[in-house]
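Look through the model below with its rings, its core and its helices in mind. The report that follows takes these topics in turn.

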Amino acid sequence: MSKHRRKGYESEPVSLDPTITCKWTLRRWERFVYLVPVPLLSVAGTLVGVEKLLLEAAMFFLVGALFFLVAFRSAVALTSNALMIRNVMTWRKIPLTHIQSVEVGYFGLIVGYSSGRAWVGLAVGKSNLSFWLRRRSRGDDVVASILAAVAAVRTATGSKNE
């Protein structure tokens, strides 16, 4: 019996699965955007004063660690039969036959599946500027790839689950 409670749990599915056909992470400039607030917090901490330096140092470390994890850990991977979404502390493997909708928004990739729940992937997003100017972005390309894979799996299995 597995030591993990959930069925099919794997420790690092996005990096170890050899059947991954596509993988999306934050691009270098997007990682830079996540990491810009960290030095700004240190400057703000020094302006507050020396008597609260320990509290500001702890806050700087925690917020910096969170931004660092978002910048370097988030990923979305597509295999021949599942979509894997890895965020800061959690990951989810969703079979392609269970996916009902895929949208991209400012906060990330939103995947709705057959149980009525939704899961957000932080690695892929669409800026407000792209929405306003009605421009196609990388997030739209990712959604198109996932929906094409879902359609291919449904036609191969003969599933009518739209």
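In this predicted model, a search of the whole structure finds zero aromatic pairs. Rings do take part in contacts with charge, however. Two such cases are listed here.

| Charged residue | Ring | Distance to ring centre |
|---|---|---|
| R92 | W119 | 4.1 Å |
| K126 | F131 | 4.8 Å |

In the R92 case, the charged end sits over the ring of W119. K126 lies over the face of F131.

**The nonpolar core**

The largest nonpolar core has 22 residues. V76, L83, L96, I99, L109, V124 and I146 touch the most other members. Two or more core residues come from each of strand 2 (75-79), strand 3 (82-86), strand 5 (99-104), strand 6 (109-113) and helix 6 (138-157). Helix 6 is the biggest contributor, giving six residues. As background, nonpolar side chains in soluble globular proteins tend to be buried together.

Which residues does I99 contact, leaving aside neighbours within four places in sequence? They are L83, I94, V111, G112, Y113, I146, V150 and R154. Two names in that list, L83 and I146, also stand among the core members that touch the most others.

**Helix 6**

Does the length of helix 6 agree or disagree with its residue count? It agrees: at 1.5 Å a residue, 20 residues should span 28 Å, and the end C-alpha atoms are 29 Å apart. The buried residues of helix 6 are R138, G139, D140, V142, V143, I146, A149, V150, V153 and R154. This list includes I146, V150 and R154, which are in contact with I99. Just after the helix, G158 takes a positive phi of about 75°.

The loop between helix 5 (128-133) and helix 6 holds S137. R134 lies in the loop between these helices too.

Is S137 buried or exposed? S137 counts as buried, because its relative accessibility is 13% and the cut-off for buried is under 20%. Beyond its neighbours within four places in sequence, S137 is in contact with G125, K126 and S130. K126 is the residue that lies over the face of F131. S127 is ten residues from S137 along the chain, and their C-alpha atoms are separated by 8.4 Å.

R134 is exposed, with a relative accessible area of 78%. Its backbone also deserves a look: R134 is not a glycine, yet it has a positive phi of about 55°.

Technical notes. Residues are numbered from 1 along each chain as its sequence is written. This is a predicted model: local features need pLDDT of at least 70, side-chain atom pairs count only at pLDDT 80 or more; totals for chains, interfaces and linings use all residues. Side-chain values use heavy atoms; hydrogens and water are left out. A nonpolar core is a set of buried Ala, Val, Leu, Ile, Met, Phe, Trp, Tyr and Cys residues joined through side-chain atoms within 4.5 Å. Buried means under 20% relative accessible area, exposed over 50%, partly exposed in between (1.4 Å probe, protein chains only). Helices (H or I, at least four residues) and strands (E, at least two) are DSSP runs, numbered from the N terminus. Contact means heavy atoms within 4.5 Å. Rings of Phe, Tyr and Trp (its six-membered ring) pair if their centres lie within 6.5 Å; planes under 30 degrees apart count as stacked, over 60 as edge-to-face and the rest as tilted. A charge sits over a ring if NZ of Lys or CZ of Arg is within 6 Å of the ring centre and within 35 degrees of the ring normal. The expected span of a helix is 1.5 Å times one less than its number of residues.
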